[in-house]
Amino acid sequence: MDLRNGIGLRPLGNTPAEFEQDLLSNLYYRRGTTVESASAQDAYETLALTVRDRLAARRARTSAAQYAANPRWVYYLSAEFLFGRQLSQNLLYSNTGEVAAAALKAFGLAPGEVEELDVEPGLGNGGLGRLAACLLDAMATLDIPAVGYGIRYDFGIFKQAFADGAQVEKPDAWAFQGNPWEFPAPDDRQTVFFYGHTTRDSDGNTTWIPGEIVLGEPSHMLVPGYGTDTVNIVRLWSARGSESSFDLSRFSAGQYAEAVQEAVRAENISKVLYPDDSTELGRELRLKQQYFLVSCSLRDIIRRFRLRNAAWSEFAGKTAIQLNDTHPTLAIPELMRLLVDEEGLSWDEAWEITQRTFAYTCHTLLPEALETWPVALFERLLPRHLEIIYAINEGLLGEVRSRFPDDLDRVRRMSLIQEEPERRVRMANLAVTGTTAVNGVAELHSKLLAETTLRDFAELWPAKFRNVTNGVSPRRFVRLANPSLADLITSSLGDGGWINDLDRLEDLAPLADDPAFLSRWREIKRANKVRLGLGDPDSLTDVMVKRFHEYKRQQLKLLHVITQYHRIKNNPGGSYVPRTVLFAGKAAPAYHAAKSIIRLINAVARVVDEDAAVAPYLKIVFPPNYNVTLGELIIPAADLSEQISLAGKEASGTGNMKLALNGAITIGTLDGANIEIRDRVGADNFFLFGLDTPGATALRAAGYNPRAYYERDDELRAALDAIASGAFGGVGQEVADSLLNRDEYLTLADYRAYVDCQSEVDEAWQDQDRWTRASILNTARTGFFSADRTVRDYISTIWHVDPVHVPHP
Ligand code: 475
């Protein structure tokens with residue numbers, strides 16, 4: 001029997017009898033129990049193991065094929081991965097949904113009951129983390145040899161609850177009961193160093209004498225491709241104290257806390273996902289997390305490289321490392337350190353390899369969102385990296401001076417070190433300098449990056465700047481989230497191949513004139529609203545789901561809702577399109593202004609709810625704890641997709657793509673990927689309003705005065721007065737004050753255009769055939785936003801990697 005490739009092992013069959021046999025065997029041998037005494041948790045874990053075994057077999061074959069090919073690999077480094085639930089995905093990808101449902105009958109359980117026990121690993125905040133998961137899904141589906149690297153946070157994104165309408169955060173111990181989807185890999189653990197000082201010998205070689213040692217223990221999650229045998233992995237690192245971190249003598253002396261203090265300190269590194277950097281707390285810990293991720297991952301990448309290669313000159317040709325925003329940017333000085341200090345390469349050789357290896361994706365335009373770290377902190381935590389950053393900076397500034405002589409201001413702006421008011425390291429500048437390519441995530445975003453946020457760098461190295469428009473997984477966000485719609489599409493197009501070839505959705509367009517198809521489409525949307533169970537399924541379901549941020553302008557949506565409320569109150573006999581307005585999303589715990597908006601929405605919802613005259617026409621719902629799982633329920637039920645950020649602020653958006661693919665019509669500004677969505681679905685099938693980017697810039701330059709809009713517009717004034725006067729239970733003064741006196745995101749300037757555009761929405765809704773046609777065309781024309789296309793774009797413009805086909809046994 002040859003176990004190296006699993007040859008000779010009994011293959012895991014997918015007939016009902018074989019699957020049931022394996023399920024019962026896992027229950028007996030791996031859970032140590034029987035059907036008679038199994039709990040629902042036993043059933044769930046056993047099912048997960050049985051499904052996982054099928055993917056593990058494919059994983060083993062993938063790994064063998066990829067090893068044999070010795071290809072150029074994609075390594076995706078990300079501080080966040082928002083995977084979403086695994087069970088339903090893995091049942092689909094292993095084609096075991098039906099046999100699993102049948103086998104579960106032995107336990108007297110329905111698939112839905114077991115599904116509820118599948119915990120979503122919330123290892124990310126929002127778009128950036130979910131994008132990482134969508135790209136990995138697409139890479140596996142396209143047979144790209146890839147590994148994701150991240151941190152296995154003990155506590156993921158907080159659970160949001162409401163107390164009196166205010167957001168409260170609860171810890172999310174997602175793996176409290178264990179995680180059946182994960183494979184520990186203790187053999188591949190790495191050692192990470194922090195603090196200490198550097199020394200130089202007479203030859204000028206530098207050694208870093210560290211002051212703290214932490215172990216990084218990897219485990220991995222499987223990332224199966226759909227419709228192929230490839231199964232890639234995401235490696236997640238947990239921080240552990242080294243063996244010597246437990247102080248036995250102190251323990252014996254009864255000093256229990258002191259005895260474990262060092263281990264606790266180490267383990268804190270992977271304790272919790274940061275809700276974002278608007279919290280001042282724990283900045284040092286956050287930088288430690290970033291270095292921990294980078295150090296463990298780079299050593300692992302080098303270990304993997306050495307399995308098949310020896311010469312450093314081959315490294316960049318075999319390795320493409322994508323930095324998901326600046327959070328993993330320390331990988332640049334870390335690779336330099338490994339190559340120069342540990343491997344003895346010259347600086348120039350090492351720099352050439354480093355630049356060729358890395359590429360950087362930027363996810364923002366807000367200058368205040370660009371990460372910087374105090375030099376003093378760096379000096380303490382990573383003294384050698386700071387020296388390397390200084391050396392990189394010398395090279396950079398030399399190049400700037402020779403290209404732009406006498407332009408001192410440019411040198412000051414481009415330096416990796418900010419001098420005033422405090423010396424800080426600028427991570428985005430480092431990321432641009434140490435990479436071959438820098439990309440934005442939508443056409444407008446990439447253009448604005450090169451013209452504004454990163455302009456100096458785009459002038460120095462124009463060829464580095466690319467665009468790769470984001471995309472989403474059609475597997476998760478259409479096939480899994482909206483199975484009825486997926487079935488309709490499959491029967492209309494003749495086969496299910498469209499899921500991996502999303503441009504084929506275009507063939508639905510002619511059906512937008514077929515009355516039978518229209519009514520089937522409407523039935524499915526209605527059934528999805530019933531499944532969601534919030535609000536009247538016959539009302540217009542108006543959805544705004546995303547993180548709470550002032551630039552995204554949930555407050556603008558709220559002003560419209562209050563205006564609609566006033567209209568109904570002032571004219572109770574009028575006729576109105578019934579709407580269910582759904583908000584969902586979390587605010588960073590330290591982001592006070594965003595939390596005030598949440599509180600106000602809940603307060604308005606309550607007042608509207610208690611008003612019998614308004615209830616038939618307007619309902620506001622705000623389910624707590626928006627996450628991938630809830631998104632999968634809400635998105636297929638949406639009629640209207642709110643994408644109303646101030647133009648020039650939203651890098652791309654990906655919720656906008658998910659909603660359009662599920663047949664929601666967008667009301668939106670010319671921002672992020674909205675522009676590309678509108679270009680594709682057509683102006684008739686998109687509700688456009690508001691300032692564009694040049695308009696917003698001009699308005700600000702001319703001296704924006706929000707009060708002027710307030711004074712000029714009666715409905716706006718009524719809405720703001722209601723908020724300020726405490727009409728909604730005494731909350732909202734802060735929101736009103738901010739809008740009237742600052743309004744950084746020009747909400748009042750866009751109010752009238754937005755409210756009028758919403759009237760067009762109401763009018764369009766009244767012609768249900770017209771609406772449904774537009775809905776169908778949104779789905780039919782947004783195949784471009786498949787993450788498969790995004791990955792193909794990364795391959796052709798940045799990675800230049802080839803697929804490795806995994807042979808079927
Ligand atoms: C953009 N998260 C979307 C999406 O490209 C875009 C920031 C700091 C710390 C932790 N997380 C973050 C983000 O910046 C983020 O999620 N950005 C989003 O990335 C994918 O579609 O426009 O806002």
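Student: Which residue in strand 17 stands opposite Thr 372?

Tutor: Strands of a sheet pair through backbone hydrogen bonds, parallel or antiparallel. Here Thr 372 faces Arg 426 of strand 17. Keep in mind that this is a predicted model, where local features need pLDDT of at least 70, side-chain atom pairs count only at pLDDT 80 or more, and totals for chains, interfaces and linings use all residues. Residues are numbered from 1 along each chain as its sequence is written.

Student: Over how many bridges do strand 15 and strand 17 pair?

Tutor: Two strands pair if DSSP finds at least two bridges between them; strands are DSSP runs (E, at least two residues), numbered from the N terminus. Strand 15 and strand 17 (residues 424–426) have 3 bridges, in the antiparallel sense.

Student: What is the strand order in the open sheet?

Tutor: The order is 15-17-16, antiparallel, with 3 strands. Strand 15 (372–374) and strand 16 (417–418) each have a single partner strand, so one side of each has no neighbour in the sheet.

Student: How many residues surround the ligand?

Tutor: A residue counts as near if its C-beta atom, placed from the backbone, lies within 6 Å of the molecule. By that rule 17 residues surround the ligand, the closest being Gly 127, Leu 128, His 363, Ala 651 and Ser 652.

Student: Which domains supply at least three residues each to that shell?

Tutor: Domain bounds come from an automatic or database assignment. Domain 2 (70–84 + 120–469) and domain 3 (474–785) each give at least three residues to the shell around the ligand.

Student: And how far apart are the centres of domain 1 and domain 3?

Tutor: Their centres, taken over C-alpha atoms, are 38 Å apart.

Notes:
Helix = DSSP H or I, 4+ residues; strand = E, 2+ residues; numbered from the N terminus.
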